[in-house]
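Below is a short briefing on one protein model. Please look over the sequence and fold before reading the notes.

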Amino acid sequence: MEPSSGSRRRPGPAVSPVAAVLPAGGSGERLGGATPKQFCAVQGRPLVSYTVRAMERIDWISNIIVVVSPENIEKMKSIIEKYGHKRVMVVQGGITRHRSIFNGLKLFAENEFSEHLLQKPEVVIIHDAVRPFVEEDILLKVVMAAKEHGAAGAIRPLVSTVIASAADGSLDHSLERARYRASEMPQAFLFDIIYEAYQKCTDYDLDYGTECLHLALKYCETNAKLVEGTADLWKVTYKRDLYAAESIIKDNLSQQVCVLTDVREAVARVGLLLHESLKSQIKVETVSTALSKNDSHLQNILSGQCYNFVCINDKKCAIQETQQLVDLLEKSNTPLLYPVVLILVHLDISENIPFSVGMEEIIRIKKFAGEVKKKNILVYGLLIQYK
């Protein structure tokens, strides 16, 4: 398998293993409505599922712990089953954010919530379940910083000036905005440090605190490394944020395509030419691989959020190979959420090709397209004959 330039997979951190804890026990009071925000549908899919997918597509994250309120445990389990999430466990949360995170960490150190302990990670990521747009780059940065400093967290510049009011409701003072930063997620910690901090902290911390980095500093004297985050780390809090998230997801779906070719040099060259012509307009992944093989890079793409594929080949068994891709898509549960667009480009370089043979190929593609349309996969065919 030869990924195109610019699409090589980022190497994982030199720590093993890394786990993630996603607190998802909020009631969504600020959002309004009966459904907690983490379970609100965005383009037909619960918000928490996008965040879980963002984590599980990173192969160096070994375990993903989702912490939910007791009444939502079965709902979360059904989401995991429906969308085929892997390496995910659900644990009962506490009455506050800190108590929920502590419960998630206990899965690696105590038998209170599980019959079998999970392998204790060297580094644990803590990330809000309602921040679905986290990328591997920032996760890798906070993990590596945590390995070096014991704790790390993403930060962003303050958008508004912070002021303090006096007892009578008048202005007391304001903070110099340039000196301060907003604490965001993800955060990462050496597991032993954050777990010790939670063991030592008071009930007041657990009930009224919100900042994990502060616990590491207060109880383990660990000064966190602050990592500048990107603008897409924002948290879905209000109803308008759901609309914004939906818009971003729609845009991502329309701006990404995966070009698949077989390993033959002539076909792979066509794929690279297509990659070059498209890369200035949309995000393009180009993979040269045999679909019959269990290609890890292709599996990673399928488990992500790519819904547009161009398959280029010059084989007589084009439909059979395409069926293998359809099977992989179904196994990944990708078409459950949105229609998948699959464009088949068949290069026929045979000598003296009768026109009727080409028409037979088109008829086969048309019949195949009708069959897989029932599976929410839209197939379009292009037959190119040349000498």
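Which residue lies over the face of F39? K75 does, at 5.1 Å from the ring centre. This is a predicted model, in which local features need pLDDT of at least 70, side-chain atom pairs count only at pLDDT 80 or more, and totals for chains, interfaces and linings use all residues. Residues are numbered from 1 along each chain as its sequence is written, and side-chain values use heavy atoms, with hydrogens and water left out.

**Charges over rings**

- A charge sits over a ring if NZ of Lys or CZ of Arg is within 6 Å of the ring centre and within 35 degrees of the ring normal.
- K106 lies over the face of F102, with 4.4 Å to the ring centre.

**Aromatic pairs**

- The structure holds 6 aromatic pairs. Rings of Phe, Tyr and Trp (its six-membered ring) pair if their centres lie within 6.5 Å; planes under 30 degrees apart count as stacked, over 60 as edge-to-face and the rest as tilted.
- F191 and Y195 are stacked, because their ring centres are 5.5 Å apart and their planes are at 10 degrees.
- Both F191 and Y195 belong to helix α5 (residues 191–200), 4 residues apart, or about one turn of the helix. Helices (H or I, at least four residues) and strands (E, at least two) are DSSP runs, numbered from the N terminus.
- F191 and Y195 are both buried, where buried means under 20% relative accessible area, exposed over 50%, and partly exposed in between (1.4 Å probe, protein chains only).
- One aromatic cluster is formed by F102, F108, F191, Y195 and Y198.

**Nonpolar cores**

- A nonpolar core is a set of buried Ala, Val, Leu, Ile, Met, Phe, Trp, Tyr and Cys residues joined through side-chain atoms within 4.5 Å.
- The largest core has 38 residues; M55, W60, V66, M76 and I125 touch the most other members.
- At least two residues of this core come from each of β2 (18–23), α1, β5 (61–68), α2 (73–82), β6 (88–92), β7 (123–126), α4 (136–149) and β8.
- Helix α4 gives the most to this core, with 7 residues.
- A second, separate core of 36 residues includes L253, L325, L329 and I365.
- Leaving aside neighbours within four places in sequence, V66 is in contact (heavy atoms within 4.5 Å) with residues including L22, V48, V52, M76 and V90.

**Helix α1**

- Helix α1 (residues 47–56) is largely enclosed by the rest of the structure, because 10 of its 10 residues are buried.
- Among them are Y50, R53, M55 and E56.

**Strand β8**

- Strand β8 (residues 151–157) is mostly covered, with 5 of its 7 residues buried.
- Two strands pair if DSSP finds at least two bridges between them.
- β8 runs antiparallel to β11 (residues 181–190), joined by 6 bridges. Here G153 stands opposite Q187.
- β8 runs parallel to β12 (residues 225–228), joined by 4 bridges. Here A152 has K225 as its bridge partner.

**Cysteines**

- The count comes to 0 disulfides, a disulfide being a pair of cysteine sulfur atoms within 2.5 Å.
- The closest cysteine sulfur to that of C201 is in C220, 10.0 Å away, too far for a bond.
- C201 counts as buried at 10% relative accessibility.
- The closest cysteine sulfur to that of C258 is in C306, 5.4 Å away, also too far for a bond.
- C258 counts as buried at 1% relative accessibility.
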